[in-house]
Amino acid sequence: MLKLIKVTLLGTALVWAMASLPAMAQSGAVISQSEIDSARITRIYMGQSRELIAVNQQEGSAVRQAFEANVIGRSAEQIKAHWSRLLFTGRAAELRQVESDEAVLEYVRSNPGTIGYISDASKADDLNILLEF
Amino acid sequence: MQRVFKLGLLSGLMLAGSAAHANIEWSGFANIGAGFTTGSDEQAFGYEDSVDFKPDTLFALQGRAQLADDLSITTQLMSRGEDNFDLGVEWAYLQYQLNEAWTINAGKLRLPLYNYSDSLDVAYSYHWLRTPQAVYRVPFDNFTGASVQHNAFLGDSMLSTQFIVGNFNDSVEVADSQAETDLENLVGVSSSLNYHSWTVRGGFFYSSDVSVELQTPEFNGLMMQLSGADFASLADDLRVDEREGTFASIGLNFDNFDWVFASEYTELEVQDSFLAKQRSFYASLGKRFGSWMPHVTYAGTRDQQADFALATLPEPLAQGVQQLTSSTTQRSNMTSLGLRYDVRAGVAFKFDVTHVDDKALDTRSNVVSFSVQTVF
């Protein structure tokens, strides 16, 4: 009896997990041709390091909001204030901004030493996934 | 010479712009502020009791031309309300990126005296409506020369150091009047260490020859009277003529994107002159609630009046010297309550009430100000 309950529960859990898989949001990914420690991603996107050249997505886009909230851990306003300080003091140049995952993929694939992020990790193919978010 | 240099940089920027206009980036920022004092005889931060827009209003446009991967030219054109919106070249410099760690700048640059010197005009980048005026009171912001910037990562911390060398020459406000001011052989270093939410910063600056040519009738009259009464050496001692000057600052900041704490202490001294030894401080605490950020700041000045042996001086002359040295001596406390509201990324609305208790003049005033600050 106990065994039956366990099996039923397990089976239910499995079915539930499988059923919900397609419904789960696809996860975003930080991608590059290079391998770096994920802790350095924040430094690069906060303009403190140029060990890789970063490419950004459009301001206000869902993927950028998710990246900024989950990877950088700060709000768009806070990041804007931080960057305004860097830009107007010549400490960093504005990051290149492109319009889609495809444009990020194309840029990162054709330029070694660059880093980008996309909304769908499964599109990364041959590129290194440094972090999923 | 400076003008030729500026023009050279400007035309260089234009040339770079026309040759490769894809490589030129324009950005800008603006502060539109309004304020007033609450009492009819009160004056503070450039405000009086009728609403004024000039003291905290400015517009700036910055152009950056990337000449090569490691070489760029930047100019910043600015129109300040306090200068009747005359358009001026705030910065103009050539930047060479030696490698990942070292950057060299040359031209007309911001003097990094304070923690917020670099972004002083980009008020959007900090929580205050204006930086604490008790501390941010050196009457010039820029110099002509070169700076070397170094960034080092040590584990989780970042050490950022800037060395500067150059000079300064312009007319600035000293003792409530314009004075031709000259700083020769200006050298300095400022360094900040950032570890997670904490930043400590220190700076030290030195000029071998500081000269301030105060030309008020009172000052000239006193100098003539002293010389005429056989106190010419005292007159020479009072003058700021090729004196050594030092400026030192320390600061501690905390920002975990929830709570913000900022503090600085500064000392400015020009040896053997009528200028007071300036000592200033502030401490500020703020907390973010979504787009809202209320904050409170306490700041003060504790200047030391220049001391001269006046016992042998005739009474009116002693009084004149006393008046001169006390005119540059500030003793005040300033308490500010402020609110920042982020309208959206790139636009902030700010409100500030500051109570100024001037102990040297024995006056008290309240300044109320509003501002919309933006970057674009």
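Mentor: A word before we look: two strands count as paired if DSSP finds at least two bridges between them. Keep in mind too that this is a predicted model.

Trainee: Thanks! How many bridges join β15(B) to strand β16 of chain B?

Mentor: Strand β16 spans residues 363-375 of chain B, and β15(B) and β16 run antiparallel. One pair to look for is Phe351(B) with its bridge partner in β16(B), Phe370(B). The number of bridges joining the two strands is twelve.

Trainee: Which residue in the turn between β15(B) and β16(B) has a positive phi?

Mentor: These two strands form a hairpin, with four residues between them. In that turn, a positive phi of about 55° belongs to Asp362(B).

Trainee: And which residue takes a positive phi in the hairpin of β14(B) and β15(B)?

Mentor: Here the strands cover residues 331-344 and 347-358 of chain B, run antiparallel and are joined by twelve bridges. Along this pairing, Thr335(B) stands opposite His355(B), and Arg340(B) has Lys350(B) as its bridge partner. Two residues lie between the strands, and the positive phi, near 100°, is taken by Gly346(B).

Trainee: Why is chain B described as being as compact as a globular protein of its length?

Mentor: Its C-alpha atoms fill a box of roughly 70 × 45 × 45 Å along the principal axes. Buried residues make up 38% of the 376 in the chain. The description holds because the globule rule gives 21 Å for 376 residues, and the radius of gyration of chain B is close to that, at 22 Å.

Trainee: How many residues are in the largest nonpolar core?

Mentor: Nonpolar side chains tend to be buried together in soluble globular proteins. Among the residues with the most contacts inside this core are Phe29(B), Val122(B) and Leu324(B). Leaving aside residues up to four places away in sequence, Leu324(B) touches Phe219(B), Leu222(B), Leu238(B) and Phe274(B). The size of the largest core is 61 residues.

Trainee: How many residues are in the second, separate core?

Mentor: Its members include Ile31(A), Val108(A), Ile115(A) and Tyr117(A). The count for this second core is 16 residues.

Trainee: What pattern does chain A follow along its sequence?

Mentor: Chain A has five helices and five strands, and 25% of its 133 residues are buried. Of its contacts between residues at least 6 apart in sequence, 69% join residues at least 24 apart. Read along the sequence, the elements follow the pattern α-β-α-β-α-α-β-α-β-β.

Trainee: Last one: how many charged residues are on the side of chain A that touches chain B?

Mentor: The contact takes 21 residues from chain B and 18 from chain A. On the chain A side, five are nonpolar and five are polar, while the number of charged residues is eight.

Key:
Residues are numbered from 1 along each chain as its sequence is written. Chains are lettered from A and ligands numbered from 1 in the order in which they are written. This is a predicted model: local features need pLDDT of at least 70, side-chain atom pairs count only at pLDDT 80 or more; totals for chains, interfaces and linings use all residues. Two residues are in contact if their C-beta atoms, placed from the backbone, lie within 7 Å. Ala, Val, Leu, Ile, Met, Phe, Trp, Tyr, Cys and Pro count as nonpolar, Asp, Glu, Lys and Arg as charged, and the others, Gly among them, as polar. A nonpolar core is a set of buried Ala, Val, Leu, Ile, Met, Phe, Trp, Tyr and Cys residues joined through C-beta atoms within 7 Å. A residue is buried if 20 or more other C-beta atoms lie within 10 Å of its own, exposed if 12 or fewer, and partly exposed in between; C-beta atoms are placed from the backbone. The radius of gyration is taken over C-alpha atoms; the globule rule is 2.2 Å times the number of residues to the power 0.38.
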